[in-house]
Amino acid sequence: MTGQAKAGRPNQLLRNLNSKIASIPMILTALVIFLGGTAWTVVYSFTNSKLLPRLSFVGFDQYKRLWAAPRWIVSIENLAVYGVLSLIFSLVIGFVLAALMDQKIRFENTFRTIFLYPFALSFIVTGLVWQWVLNPEFGVQSVVRSLGWSSFTFDPLYTPEIVIYGILIAALWQGTGLVMCLMLAGLRGIDEDIWKAARVDGIPMWKTYLFIVIPMMRPVFITTLVIIASGIVKVYDLVVAQTSGGPGIASEVPAKYVYDYMFQAQNLGQGFAASTMMLITVAIIIIPWAYLEFGGRKRA
Amino acid sequence: MPDAIALKTADGRASGKSVSGPSGPKPKRVISPRNIMLYGTLFVAAAYYLLPLYVMIVTSLKGMPEIRLGNIFSPPVEITFEPWVKAWATACTGLNCDGLSRGFWNSVRITVPSVIGSIAIASVNGYALANWRFKGSELFFAILVVGAFIPYQVMIYPIVIVLREMGIYGTLTGLIIVHSIFGMPILTLLFRNYFASLPQELFKAARIDGAGFWQIFFKIMLPMSLPIFVVAMILQVTGIWNDFLFGVVFTRPEYYPMTVQLNNIVNSVQGVKEYNVNMAATILTGLVPLVVYFVSGRLFVRGIAAGAVKG
């Protein structure tokens, strides 16, 4: 790669010119928006910008205020609960559904179509539908009560302690189809002979899954994990549609905190600090993965 | 055997029908415990996934009095299309009372150019990365792909400033540019991997015959890559149509896309809640991606798999 710069060659920049012209949008996006924009936000998170971004640095003040704000703490707690549970549930449900689908069943296409269609819908639609289904006056709660169980209480959207589970239910409905599809693709990639060998050895099916197939699907699991995890950090529209952060501040999430401080409370510095914290969260997820993925490939 | 004995003693009389065992080949049992478990679980899961869609449709076809009386799962006694008409043409958001139709046309005017623009840029770009690498091209590509994981919130404000400086903040043009930018990582990845998988001999033969960058792209690569363009289109149409954050940040209220307008209609605090209109509006908003999904079928799966599993 480096040996190309030989003496006598015409201008290096003009080599492969068309390709470079075609790549200008990518280069600009990568450098200006992704690198530049991120760096800009991180730098301005150390300023006391209010309505307009100003370069008057105040050190870590914004971060101190951020971590002292009850709303931010609630947002982080919600994100943690929501994140851990949605990771666990979507992986488990997605894998179980994929394993069931892999039993050479009939109507496989129909089932897949049904499991996956919510993924085509936006988070706004998802949030509004589940807002309606979980409506305490008309939804699931009232239906169960009208069946005779009059003390039945299931009102997640108006109960601060469990509101995040109401959001989780909607999120799982929307997202597990995708996990199922990825897992199914992974299962289909497993060699038939593995199954035959396991059967010959008399290993029960669940053991084969648990101790042979799942370890073999490690790359699929890791990719899925990264996709779900980076989606979790971004969760925003769903909360806006389903609860608008309420009741009170019980279902606030970091992405909403960022938006509200940047565009409504006109406290840019807080918004920048909060978004930088989001960036750090994603970096904690992505960097080990990128290291495993790309670092590992080089060694191989 | 022990069972039969137990039965006998318990009843005090033997069941007279002790015929010799079944003969002939063992019939293939369709209703085995395993199958009951398997299909039972699948049907329950399918019901969970279908339920909200069913509730949406049923609710949107009822009148408000019926909704207040009945439960949300019961089918409508009296089917009415009033809520649909109202949701489309007269539902209010703030001062405007022209329904979701405004948002629908805004979304169309956003989605069509964004899809074309992002695919045009990304396909050429992916082709350059696959066949015409230059010094640094892989590095820029790596930044682009890693950048796809950065939360949008981190980059929103700088983009607002750039668009404001260009004088297009709040307009459809600005939003279209933003969509084209953020569609780039995934689409470039998609096209790069696809073009890299095509036989290199074709490309080399064309080069020996003297074809250049654009000639090879338009005459050789494009005709061979229709499927991947369809996949990219599905990915972008659903993605851009479903977007909420960019719509709310980068446009003025009169240009709000359908998702933003839907949220404003349903979650507006003033007035009596009309659940049937809300559900009709929700279905209308979900209709475009749903149609794309049901029509495209396997290609949709391929699209998200391509989007999800990086090469």
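In the contact between the two chains, 68 residues of chain B meet 71 residues of chain A. The largest contribution on the chain B side comes from helix α2 (residues 33-60) of chain B, which supplies 11 residues. By class, the side of chain B that touches chain A comprises 50 nonpolar and 18 polar residues, with no charged residues. The structure is a predicted model, and the values reported here are computed from it.

One helix pair that joins the chains was examined separately. Two packed helices are described by the angle between their axes and the distance between the axes. For helix α2 (residues 24-44) of chain A and helix α8 (residues 172-197) of chain B, the axes come within 10 Å and cross at roughly 115°. The crossing of α2(A) and α8(B) is left-handed. On α2(A), the contact is formed by P25(A), M26(A), T29(A) and I33(A), while α8(B) provides I181(B), M184(B) and T188(B). This contact of α2(A) with α8(B) consists of 5 nonpolar and 2 polar residues, and no charged residue takes part.

In chain A, domain 1 covers residues 1-44 and domain 2 covers residues 61-299. The C-alpha centres of these two domains of chain A are 37 Å apart. Contact between them involves 4 residues of domain 1 of chain A and 4 residues of domain 2 of chain A. The domain 1 side of this contact in chain A has 2 nonpolar and 2 polar residues, and no charged ones. In chain B, the assignment gives domain 1 as 33-80 and domain 2 as 105-271 + 287-308. A distance of 36 Å separates the C-alpha centres of domain 1 of chain B and domain 2 of chain B.

Chain B contains 15 helices and 0 strands. Of the 311 residues in chain B, 40% are buried. Among contacts in chain B with a separation of 6 or more, 74% link residues 24 or more positions apart.

The largest nonpolar core has 151 residues, and those with the most contacts inside it are I167(A), A274(A), L190(B) and A281(B). Neighbours within four places in sequence aside, A274(A) is in contact with L66(A), W72(A), P254(A), Y257(A), V258(A) and Y261(A). Y82(A) is located in helix α4 (residues 70-101) of chain A. Y82(A) is classed as buried because 21 other C-beta atoms lie within 10 Å, the threshold for this class being 20 or more. Although Y82(A) and P53(A) are 29 residues apart along the chain, their C-alpha atoms are separated by 32 Å.

Two residues other than glycine in chain A were noted for positive phi values. K104(A) has a phi near 55° and lies in the loop between α4 and α5 (108-120) of chain A. K104(A) counts as exposed because it has 6 C-beta neighbours inside 10 Å, where 12 or fewer defines exposure. For S244(A), phi is about 50°, and the residue is located in the loop between α12 (237-242) and α13 (254-263) of chain A. S244(A) has 16 C-beta neighbours inside 10 Å and therefore counts as partly exposed.

Methods:
Residues numbered from 1 in each chain as written. Chains lettered and ligands numbered in written order. Predicted model: local features only at pLDDT ≥ 70, side-chain atom pairs only at ≥ 80, totals over all residues. Domains from an automatic or database assignment. Contact = placed C-beta atoms within 7 Å. Nonpolar A, V, L, I, M, F, W, Y, C, P; charged D, E, K, R; others polar. Helix = DSSP H or I, 4+ residues; strand = E, 2+ residues; numbered from the N terminus. Axes fitted to C-alpha atoms, helices over the stretch in contact; angles between N-to-C directions. Left-handed = near helix turned anticlockwise from the far one by under 90°. Core = buried A, V, L, I, M, F, W, Y, C linked by C-beta atoms within 7 Å.
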